[in-house]
Amino acid sequence: MSVEAGPEAHRRAAELWNTLSGAELIQAMADGEFPEISDINQHIGQVITSAEPGRIVISWTPSEQLCNPGGTVHGGYIAMILDNAVCLAATSTCEHFMPMLTLNLNVDYLRAVRTGETFTVTGTCVHAGGTRMVSNAAIADARGRTLAQASASVIPNKAFAR
């Protein structure tokens, strides 16, 4: 399905929203069959590449606009992409797509993140509880080195319950 805004596209998006599991809807986003939930993904250079229950993968290409005065990607943007990954990992375990609210996010910055590269961000849900979920995420460079990692507790955003 094209992500263009027309009556048929809206009907198809509503059908997917109401029938697919969390992992299936995230994969539909990756496949371009369902529109991204937020414009922030484009702003920060995030592209969802794959999803399965309990695990998601994001391709991340940060631009220079995300840099701090020292020329490396600002830690806040690193935390943001890790937060997106932990939330999507938790969502991937749900019967239906359910955006998550972050209760806490613990980030370890291990190496500088520079622009001009594409990184792999992997999120894994380690506890898919009924109310509180726990996920981990890591950013890896092309050589497989971990640049930053995070653990988080998240809860489903009940405003989207159906």
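## Exercise 1: A helix across the sheet

Helix H4 lies across strands E1, E2, E3, E4 (119-128), E5 and E6, and runs at about 130 degrees to E3. Keep in mind that this is a predicted model.

**Task.** Find the order of the strands in the open sheet and name its edge strands.

**Solution.** 
- Step 1: Follow the sheet from one side to the other. Its 6 strands come in the order E1-E2-E4-E5-E6-E3, with antiparallel pairing.
- Step 2: Look for strands that pair on one side only. These are E1 and E3, the edge strands.
- Step 3: Check how the strands are turned. Neighbouring strands of this sheet make 20 degrees with each other on average, direction ignored.

## Exercise 2: The partners of E6

**Solution.** 
- Step 1: Begin with E3 (residues 100-109). Strand E3 and strand E6 (residues 146-156) are antiparallel and share 9 bridges.
- Step 2: Visit the hairpin of E5 and E6. There are 5 residues between the strands, and Gly 144 has a positive phi near 90 degrees.

## Exercise 3: The buried side of H2

**Task.** Identify the buried residues of helix H2 and some of the elements that cover them.

**Solution.** 
- Step 1: Use the cut-off for buried, which is under 20% relative accessible area. In H2 (residues 22-30), Gly 22, Ala 23, Leu 25, Ile 26, Ala 28 and Met 29 are buried.
- Step 2: Look around these residues. Their cover includes helix H1 (7-19), strand E1 (46-52), strand E2 (55-60) and helix H4 (75-91).
- Step 3: Go on past the helix. Gly 32 follows H2 and has a positive phi, near 75 degrees.

## Exercise 4: The largest pocket

**Task.** Describe the largest pocket and say which element gives the largest share of its lining.

**Solution.** 
- Step 1: Start with the volume, about 330 Å³. Of the 17 lining residues, Ile 37, Asn 41, Asn 84, Leu 88 and Phe 97 are the closest to the centre.
- Step 2: Sort the lining by element. Helix H3 (40-44), E1 and H4 each give at least two residues, and H4 has the largest share, with 5 residues.
- Step 3: Sort the lining by class: 10 residues are nonpolar, 5 polar and 2 charged.

Technical notes: Residues numbered from 1 in each chain as written. Predicted model: local features only at pLDDT ≥ 70, side-chain atom pairs only at ≥ 80, totals over all residues. Heavy atoms only, no water. Pairing = 2+ DSSP bridges. Helix = DSSP H or I, 4+ residues; strand = E, 2+ residues; numbered from the N terminus. Buried < 20%, exposed > 50% of the residue type's maximum accessible area, 1.4 Å probe, protein only. Contact = heavy atoms within 4.5 Å. 1 Å grid on protein atoms, 1.4 Å probe; cavity = no way out; pocket = protein on both sides within 12 Å on 5 of 7 lines; lining within 4 Å. Points joined across faces, edges and corners; volume = space filled by probe spheres on them. Nonpolar A, V, L, I, M, F, W, Y, C, P; charged D, E, K, R; others polar. Axes fitted to C-alpha atoms, helices over the stretch in contact; angles between N-to-C directions.
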